[in-house]
Amino acid sequence: MKQVATDLSVDFVSGAVAHRLRFGGGRGQDLAKAMGLRAGKTPMIVDATAGLGRDSFLLASLGAQVTLIERSEQMHALLAQGMERAAKEGGVFREIIDRMTLLKGDAKDLLPGLSGEAILIDPMHPPRKTSALVKKELRQVREIVGNDDDAADLVGVALRHALKRVVLKWPAKADPIEGIRPCNHQILGKTTRYDVFMTG
């Protein structure tokens with residue numbers, strides 16, 4: 001196992017995550033809309049590729065029960081530490097963390113046993129075609145988790161087991177992942193798009 005990115009940490013209490021918590025725009029945000037959060041509807045969510053846990057934290061902050069799956073041992077440990085620190089803050093942070101459940105393993109193996117209404121998949125994105133350097137933090141994540149070469153397989157498993165929808169988070173201008181059926185609709189942001197596949 002590669003041991004790298006020693007200064008990488010998962011922080012839900014300060015920085016970008018805390019800012020998004022306070023000023024993010026609630027259920028009007030693209031991610032929330034893609035996942036099916038709307039007035040009176042709060043689906044049970046599975047984040048099949050938890051990574052730094054930010055999307056899960058945001059969704060939990062909007063009231064959703066979120067199960068996070070992370071297969072990288074190192075990333076899982078960072079997530080567990082970050083969640084523990086946030087819970088110790090108490091108050092709203094504690095409430096949000098209480099809605100998050102972290103599992104370790106390969107989502108392809110775990111999804112069949114979970115009854116997720118909405119499954120979020122955010123694979124490592126293809127390397128940028130532009131020369132602009134990807135943020136250091138994301139480079140560090142890639143060093144730990146590698147490239148998700150099995151993303152199409154994971155989407156396939158998710159489509160078979162999601163009760164209502166699967167959402168693929170992908171760069172706005174990137175080509176679709178080969179071997180996946182066309183999505184039902186998309187939510188397009190400036191840099192990110194959410195491909196929504198309805199299953200129910």
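**Helix packing in a predicted model**

**Figure 1. Helix 4 in the predicted model.** Helix 4 comprises 17 residues and spans 25 Å from its first C-alpha to its last, close to the 24 Å expected at 1.5 Å a residue. The helix covers residues 73–89. Directly after helix 4 comes G90, which has a positive phi, near 75 degrees.

**Figure 2. Buried residues of helix 4.** The buried positions in helix 4 are Q74, M75, H76, L78, L79, G82, M83, A86 and A87. An α-helix has 3.6 residues a turn, so residues three or four places apart point the same way. Of these buried residues, M83, A86 and A87 are also listed among the residues of helix 4 that meet helix 5.

**Figure 3. Packing of helix 4 against helix 5.** Two packed helices are described by the angle between their axes and the distance between the axes. For helix 4 (residues 73–89) and helix 5 (residues 91–98), the angle is about 135 degrees and the axes lie 6 Å apart. The two helices are therefore oblique to each other. The crossing in which helix 4 passes helix 5 is left-handed.

**Figure 4. Residues at the contact of helix 4 with helix 5.** On the side of helix 4, the contact involves M83, A86, A87 and E89. Their counterparts in helix 5 are G91, F93, R94 and I97. By class, the residues of this contact comprise five nonpolar, one polar and two charged.

**Figure 5. Packing of helix 1 against helix 3.** Helix 1 (residues 15–23) packs with helix 3 (residues 54–61) at an angle of about 25 degrees, and their axes are 10 Å apart. Because an angle under 35 degrees counts as roughly parallel, helix 1 is described as roughly parallel to helix 3. Helix 1 passes helix 3 in a right-handed crossing.

**Figure 6. Residues at the contact of helix 1 with helix 3.** Helix 1 contributes V17, R20 and L21 to this contact. From helix 3, the residues R54, D55, F57, L58 and S61 take part. The contact of helix 1 with helix 3 contains four nonpolar, one polar and three charged residues.

**Figure 7. Setting of the close-up views within the protein.** The protein contains eight helices and seven strands. Of its 200 residues, 46% count as buried. Among contacts between residues at least 6 apart in sequence, 68% join residues at least 24 apart.

Terms used:
Residues are numbered from 1 along each chain as its sequence is written. This is a predicted model: local features need pLDDT of at least 70, side-chain atom pairs count only at pLDDT 80 or more; totals for chains, interfaces and linings use all residues. Side-chain values use heavy atoms; hydrogens and water are left out. Axes are lines fitted to C-alpha atoms, for helices over the stretch in contact, and angles run from 0 to 180 degrees between N-to-C directions. Helices (H or I, at least four residues) and strands (E, at least two) are DSSP runs, numbered from the N terminus. Angles under 35 degrees count as roughly parallel, over 145 as roughly antiparallel, 65 to 115 as roughly perpendicular and the rest as oblique. A crossing is left-handed if the near helix is turned anticlockwise from the far one by less than a right angle, and right-handed if clockwise. Contact means heavy atoms within 4.5 Å. Ala, Val, Leu, Ile, Met, Phe, Trp, Tyr, Cys and Pro count as nonpolar, Asp, Glu, Lys and Arg as charged, and the others, Gly among them, as polar. The expected span of a helix is 1.5 Å times one less than its number of residues. Buried means under 20% relative accessible area, exposed over 50%, partly exposed in between (1.4 Å probe, protein chains only).
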